[in-house]
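Thanks, everyone. Let me put the model up, and then I'll walk through the rings, the charges and the chain contacts.

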Amino acid sequence: MKPHSGPIRTATADRIQPVNAFLVCAAAWAVPGVGHLWLGRRQKGIVFLIAVPLMFVVGLWLEGRLFPFQISEPLVALAFIADLGIGLPYFIAKSIGAGAGRVVAITYEYGNAFVIVAGLLNMLVVLDAFDIAKGRK
Amino acid sequence: MTSHLGLMVVFALFVSTVFATLMRDEPTQQLAFGARLFGGFIGAGIVIGWLLYPLPF
């Protein structure tokens, strides 16, 4: 099938121009996929809405840790920033006591990888939503 | 689940799904690109695993 041509993209950009790109980014960050749903990219939004939080939940299930912000430990601080990329699910997990991380669990490092990468993937999703809102895609 | 291979497959599935959805617009293209990414992740993981196997540490 032929990919979208220029006029279709221009029409999409025209349709979404009144949307505040930064509000879209905030929504996309808070709930993965919501930015794309807002911008009318339903298929992409639904995939992100399912895949990214599910990856985060699998990471917690594997006893991964939600890292705190510790400036004295630069790698921990970076992991915190990556974790935070997932948005509201981070705060929900924190509030219910998930993500304590059991270091002796055999799946601890795997869980960390899942949780951190889920946050980083959501950051990419936010950037994609920003580009769409600006009419670049 | 504690199998390294199993967890790598699950990880590759999530990452390739999100990347394919981000980088392609048409569902058929997403499927094809996602399958290629997934295969690449698994293939690279197995090849690198075997390359590291003889290392003593």
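Start with the rings. Over all chains, the structure holds eight aromatic pairs. A pair here means rings of Phe, Tyr or Trp (its six-membered ring) with centres within 6.5 Å; planes under 30 degrees apart are stacked, over 60 edge-to-face, and the rest tilted. A:Trp29, A:Phe69, A:Phe80, A:Tyr90 and A:Phe91 are linked by ring pairs into a cluster.

Ground rules, quickly. This is a predicted model, where local features need pLDDT of at least 70 and side-chain atom pairs count only at pLDDT 80 or more, while totals for chains, interfaces and linings use all residues. Residues are numbered from 1 along each chain as written, chains are lettered from A and ligands numbered from 1 in written order, and side-chain values use heavy atoms, without hydrogens or water.

One more ring, in chain B. B:Arg24 sits over the face of B:Phe33, 4.2 Å from the ring centre. The criterion is NZ of Lys or CZ of Arg within 6 Å of the ring centre and within 35 degrees of the ring normal.

Now salt bridges: a side-chain nitrogen of Lys or Arg within 4 Å of a carboxyl oxygen of Asp or Glu. Over all chains there are four. B:Asp25 is in the loop between α1 and α2 of chain B, and A:Lys44 is in helix α4 (residues 42–61) of chain A, so this pair joins two chains. Helices are DSSP runs (H or I, at least four residues), as strands are (E, at least two), numbered from the N terminus. The N to O distance is 3.0 Å. How many salt bridges are there between chain B and chain A? One.

On to the interface itself. 18 residues of chain B contact 27 residues of chain A, with contact meaning heavy atoms within 4.5 Å. About 2000 Å² is buried between the two chains, 73% of it from carbon and sulfur atoms. That is accessible area (1.4 Å probe) lost on putting the two parts together, summed over both.
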